[in-house]
Amino acid sequence: MCGIVGYIGTKKASPILINGLLRLEYRGYDSAGLSTIEKNGISLMKNIGRVKNLSELPGIDDLEGTIGIAHTRWATHGIPSKENSHPHTDNSKNFSVVHNGIIENYYSLRNKLKDEGYTFYSETDTEVIPNLIHYYYKNLKDEIGINRFLKAVRNACLDLKGSFAIEVICKDFPDNMIVVRKDSPLVIGKADGENYLSSDIPAILSFTRTFYLLNDFEFVVLSRNDAKFYDTDLNPINKELTSIEWDAIGAEKNGYEDYMLKEIHEQVTSTRETVGARFQENQKTCFNELNFTKEYLSSLNRIYIVACGTAMHAGLAGKAIIEKLCRIQTEVDIASEFRYRDPLIDDKTLCIFISQSGETADTIAALKLSKQKGAKTLAISNVIGSSLSRESDLAIYTHAGPEIAVASTKAYTSQIVLLNVLAIYMAEVLENNDINYLNTLKKDILELPEKISQTIEHSECVKDFAKKIYQEKDVFYIGRGIDNAIAKEGSLKLKEISYIHSESYAAGELKHGAIALIEKGVTVIASLTDKDLTKKTISNIQEVITRGAKTLIVTNQDLDLSTFDFSIKIPETNAFISPVLAIIPLQLLAYYISKEKGLDVDKPRNLAKSVTVE
Ligand code: M6R
């Protein structure tokens, strides 16, 4: 978690740093700080709370430095406080550092440095970094110029265990900054006579479209006009620039009150972008990035889909379609469980990892484990050049555009669409399916954008229902089959942004325990999109109605809706892609309840957009 930005150029750094931090606040927002190099040495400004509090500090506008680093924090080690917020300096205030990640061996390093006479002023793991750099720097007296700074940073990083993206400035080198990453994101945006740094691309997209994407343990010495890259032996390495196609406007609110509402609406276009040109008339589905053969797919003993949170819920929809079309056993795992449960993996296993950000620590760790065990790995991410996609043998992208709101919406629907397209592609390679069925499914997928648009038209009706239930304490979501997967995602959305307790249940499971919680007035929300299971679920809904529940039904079936308190009729489509439509009223419901309660929809408490710690 946490967001970092940096700047080296000819303009005043502090307004640029604040601007970048505001865009990274989704990564953490309990405190913020920045450092610049001024004529009289390193400046240090920190404040608790949001970035706005930092920007209002007296004296911040007087900073003249044209090189600086900044940080917005999501606390891991130590409470949110001024002392614990970044940047951190060494005892002599020669070096200033911002850090995203976790230093797992900070305690022993701290003790070692204490024995060397260093004092610590915060509870953070980060504070060891500037002091360790200082320790090496002072012992590298024979090195001259920037090499001394670079070697000190390199030596310090080799001592660190855990994850880090760090930016370091040094009073002795007012024209340079050194940055490096390991398992935490960091990108460098290159412009004319200036370099921008950030934890993600959208935060600095308004300044440049040309980026260096860093790999682990690449040390970078930045100056205003240059970026020099080195490996761990400090041999120079060549680094290619990558051009980003998104525009900055894509990362702005575009007139919507919140990013989440904008992103819900964007599903019309994002799902279209996900399909792209993969379906061409009279052609097989195009996945040049994969090149799977019939022999390879037939040899697979199983597929694992591994992810966290919403991405894992998309994986449930992926399992359903892959098993249906490819007849390959497919398991869905939570990444934080998968990595520690010694899963049965060999070279006949395909492991698919889904992550919007591509930076989720548990998902990346699960991928590394699968590779060690011999599996082929395939990453599905929304962020081109993300750590997950670079670590993986194969990578495909959802192309949903930047998702800023912490609560994932368009990434989820794009993940489901892409998993369906992937399953169709694999079925075509396997040649084991009725072509007409595949073509009908393709047509249904291509019709989704129009149907999403029709579904969003129910917004006002959902808003009315939100007004009725926003003060509730418990809400239940139920469904069978694919509708159970929808229920899980609907329930997660409500919890995250409205802070209402909710549970999701396979509808048939209710009577095995949870129905004891149903009493007069409790809200039960049911999804009914699979016609083969509709009658069964209706019986379960009747059971809760009998016990006094208030019901909201989301369905694409022609039913007698008079027995339910509220209902939303969504367009009909193939059951395997129905979550793409059925989730929309549930996303809107969570959104409007959150608004009704006056909460911060885009930045819910205790959460961060990208979970880069275990
Ligand atoms: O970036 P990822 O897709 O790997 O993130 C995984 C989860 O942290 C994420 O989906 C989380 O559950 C969202 N806040 C849900 O809205």
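Predicted model: local features only at pLDDT ≥ 70, side-chain atom pairs only at ≥ 80, totals over all residues.
**View 1. Domain 2 and domain 3 in contact.** The chain is divided into domain 1 (3–250), domain 2 (254–446) and domain 3 (460–596). The centres of domain 2 and domain 3, taken over C-alpha atoms, are 26 Å apart. On the domain 2 side 28 residues take part in the contact, and on the domain 3 side 22 residues do.

**View 2. Polar atoms facing oxygen atoms of the ligand.** A polar atom in the side chain of serine 355 is 2.5 Å from a ligand oxygen atom. For serine 408, a backbone N or O atom is placed 2.7 Å from an oxygen atom of the ligand. Threonine 310 likewise has a backbone N or O atom 3.1 Å from an oxygen atom of the ligand. On its own the ligand has 410 Å² of accessible area, of which the protein covers 90%.

**View 3. Arginine 278 and its contacts.** Arginine 278 sits in the loop between α7 (267–275) and α8 (294–299). Is arginine 278 buried or exposed? Its relative accessible area is 10%, so arginine 278 is buried. The side chain of arginine 278 forms a polar contact of 2.8 Å with the side chain of glutamate 289. Beyond its neighbours within four places in sequence, arginine 278 touches Lys284, Thr285, Cys286, Phe287, Glu289, Leu418 and Val421. Threonine 534 is 256 residues away from arginine 278 along the chain, and the C-alpha atoms of the two are separated by 32 Å.

**View 4. Serine 163 in strand β8.** Strand β8 spans residues 162–170 and contains serine 163. Why does serine 163 count as buried? Its relative accessibility is 11%, and buried means under 20%, so serine 163 falls in that class. Apart from neighbours within four places in sequence, the contacts of serine 163 include His99, Asn100, Gly101, Ile102 and Ile103. Lys182, Asp183, Ser184 and Thr612 are also among the contacts of serine 163.

**View 5. Backbone geometry at proline 87 and lysine 93.** The peptide bond from histidine 86 to proline 87 is cis, and its omega is near -5 degrees. Proline 87 belongs to the loop between β5 (67–73) and β6 (88–89). Lysine 93 is not a glycine, yet its phi is positive, at about 55 degrees. The loop that holds lysine 93 runs between β6 and β7 (95–103).

**View 6. Aspartate 342, with a positive phi.** Aspartate 342 is found in the loop between α10 (335–338) and β19 (349–355). Its phi is positive, at about 50 degrees, although aspartate 342 is not a glycine. Exposed means over 50% relative accessible area; aspartate 342 has 57% relative accessibility and therefore counts as exposed.

Methods:
Residues numbered from 1 in each chain as written. Heavy atoms only, no water. Polar contact = N/O pair within 3.5 Å; in protein donor to acceptor, adjacent residues only side chain to side chain. Areas by Shrake-Rupley, 256 points an atom, 1.4 Å probe, with all protein chains shown as cover. Helix = DSSP H or I, 4+ residues; strand = E, 2+ residues; numbered from the N terminus. Buried < 20%, exposed > 50% of the residue type's maximum accessible area, 1.4 Å probe, protein only. Contact = heavy atoms within 4.5 Å. Domains from an automatic or database assignment.
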